[in-house]
Amino acid sequence: STTVPAAAQPDSAGSATQTKADAASASGYPIGSLTLSPSLQAGGFFDDNIYATAHHHVSDWVGSISPRFALQSDWDRHSLFAAAQADLTSYLSHPHENSIDWHALAEGQIDVSTDTHILLGGVVANEHEDRSSPDAVAGLEPTPYYERNAYVGVVHRFDDFTLRVAAAMERLTFDNVMGQDGEINNQDRNRVRYTFGGTLRYERNTRFKPFLEIMGDMRRYDVIPDDNGFVRNSDGFVAGLGSVIRLSSSISGETFMGVVHRSYRDPAFRPLNVPDFEATLRWRPRPGSAVVFATERSIEETTMYGSPGYVYTLALARLEQKLTGQLGSILRMFYVHRDFAQAGTVDNGLGGSAGFRPRVTLGVDYRYTQRVSGSALTDFTRQQVFFRVGTRF
């Protein structure tokens, strides 16, 4: 929903991975064999271009508060993790931009045996579309959308191999919003995505674990055709080879290279075939320091007229340095490239942030974002300064 990748954003409690990691490291409150970990984060930020426009920037001060709860099991066999969070955002001078977002997730593992595990999970989220999104409509207020996601998987270890097979369903729906000329219809953006596939990984070498991955997905829209007369249903797959690597105690990562294909039901849309890649490298040159490089590619949905979708490419770098005691510094830089097929439009986003913060209780970050696209009307620059305070109970 936003042009800024999560890994490049200032620290927040929004990701499931971070919430799970925080819950595991927090003392919490025991409830039988479960541990409850509540926390609260509050803060504010200054945004010099709240509408992400090319000209006539409008600025505002924004306040936010984010309570969250995490529940983690402490069982000898099987496991359960659940979390819920709300994000309340309030603009000082533009209350129509205010939003109340929330999400909840649950993940469970059933240990059938020491070699076989069943994974189950689901996500429910009510969010809003950021003004800088390439598909954001020109509404008088942000567009609310809703995500419902469920997945199931099986992991089985045999000899020197691990086989993972999984299937997932994601449901996205968007609300209509009022525009300058009346109500904007977003019902033709509602869709369901079905994903299925598997990974086979060789486990014998602890420093080098190659794997083969094949994933397919089907995307089905509620309204056919859409408001512009296009049928956006499509089918696709990703296939390739990768490896989990651990070169030393300080250098580790994961790589993947393959091909991603997508074919569309509308005869006006040509199939997309592009190289696929994903890589993450983590380097800890010394205690208290960490450098992370990452890149990824995918084919995403769009509502741009005449375009079936866009090829999304991300590259980012993050530097973390512990200074003294609990005080640390973080520097992030990211580059986002969107190539809208058949539309002749290219969207480049460049940004970064820097901040100093203690590990848990206080944070200050600066973020700069720039978009350079094929249309001067959609280009923009944006500066944001974040202030946060958080605590665990």
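Predicted model: local features only at pLDDT ≥ 70, side-chain atom pairs only at ≥ 80, totals over all residues.
Arginine 171 counts as partly exposed, at 26% relative accessibility. The structure holds 16 salt bridges, and a search of the whole structure finds 10 aromatic pairs. The points below cover these pairs, the nonpolar cores and a nonpolar surface patch.

**Salt bridges**

- Side chains of opposite charge can pair when their charged atoms come close.
- Arginine 219 and glutamate 301 meet through their side chains in a salt bridge, at 2.7 Å from N to O.
- Because arginine 219 belongs to strand E12 and glutamate 301 to the loop between strand E16 (289-300) and strand E17 (310-324), this pair ties together parts that are 82 residues apart in sequence.
- Arginine 219 is buried, with a relative accessible area of 6%, and glutamate 301 also counts as buried, at 9% relative accessibility.
- A network of salt bridges links Arg193, Asp217, Arg219, Arg262 and Glu301.
- Arginine 382 forms a salt bridge with aspartate 130, and the closest N and O atoms are 3.3 Å apart.
- Distant parts of the chain are linked by this pair: arginine 382 is in strand E21 (residues 380-392), aspartate 130 is in the loop between strand E6 (116-128) and E7, and 252 residues separate them.
- Arginine 382 counts as buried at 6% relative accessibility, whereas aspartate 130 counts as partly exposed at 22%.

- Arginine 367 lies in strand E20, which spans residues 362-373.
- With a relative accessible area of 8%, arginine 367 is buried.
- Arginine 367 and glutamine 383 are 16 residues apart in sequence, and their C-alpha atoms are 5.8 Å apart in space.

**Aromatic pairs**

- A pair of aromatic rings is described by the distance of the centres and the angle of the planes.
- Phenylalanine 211 and phenylalanine 256 form a stacked pair, with 6.2 Å from centre to centre and 10° between the planes.
- This pair links distant parts of the chain, since phenylalanine 211 is in strand E12 and phenylalanine 256 is in strand E14, 45 residues apart.
- Phenylalanine 211 and phenylalanine 256 are both buried.
- Phenylalanine 230 and phenylalanine 269 have ring centres 5.0 Å apart and planes at 25°, so this pair is stacked.
- Phenylalanine 230 lies in the loop between E12 and strand E13 (234-246) and phenylalanine 269 in the loop between E14 and E15, so the pair ties together parts that are 39 residues apart in sequence.
- Phenylalanine 230 is buried, with a relative accessible area of 10%, and phenylalanine 269 is buried too, with 4%.
- One aromatic cluster is formed by Phe230, Tyr264, Phe269 and Tyr305.

**Nonpolar cores**

- The largest nonpolar core has 12 residues, including Phe211, Phe230, Phe256, Tyr264, Phe269, Leu272 and Ala341.
- Strand E14 (251-264) and strand E15 (272-283) are the elements that give two or more residues to this core.
- E14 gives the most to this core, with 3 residues.
- A second, separate core has 7 residues, among them Tyr310, Tyr312, Leu316 and Phe340.
- Alanine 341, a member of the largest core, touches Leu272, Gly306, Ser307, Pro308, Gly309 and Tyr310, when residues up to four places away in sequence are not counted.

**Nonpolar surface patch**

- Val154, Phe158, Phe161, Leu163, Val165, Leu200, Leu212, Ile214 and Leu241 form a nonpolar patch on the surface, and together they have about 700 Å² of accessible area.
- At least two residues of the nonpolar patch come from each of strand E7 (144-158), strand E8 (161-174) and strand E12 (208-221).
- E8 gives the most to the nonpolar patch, with 3 residues.
- Valine 154 lies in strand E7 and counts as partly exposed, at 32% relative accessibility.

Conventions:
Residues numbered from 1 in each chain as written. Heavy atoms only, no water. Core = buried A, V, L, I, M, F, W, Y, C linked by side-chain atoms within 4.5 Å. Buried < 20%, exposed > 50% of the residue type's maximum accessible area, 1.4 Å probe, protein only. Helix = DSSP H or I, 4+ residues; strand = E, 2+ residues; numbered from the N terminus. Contact = heavy atoms within 4.5 Å. Patch = residues over 30% accessible without salt bridge, like charges linked within 9 Å, V, L, I, M, F, W, Y side chains within 5 Å. Areas by Shrake-Rupley, 256 points an atom, 1.4 Å probe, with all protein chains shown as cover. Salt bridge = Lys/Arg side-chain N within 4 Å of Asp/Glu carboxyl O. Phe/Tyr/Trp six-rings, centres within 6.5 Å; stacked < 30°, edge-to-face > 60°.
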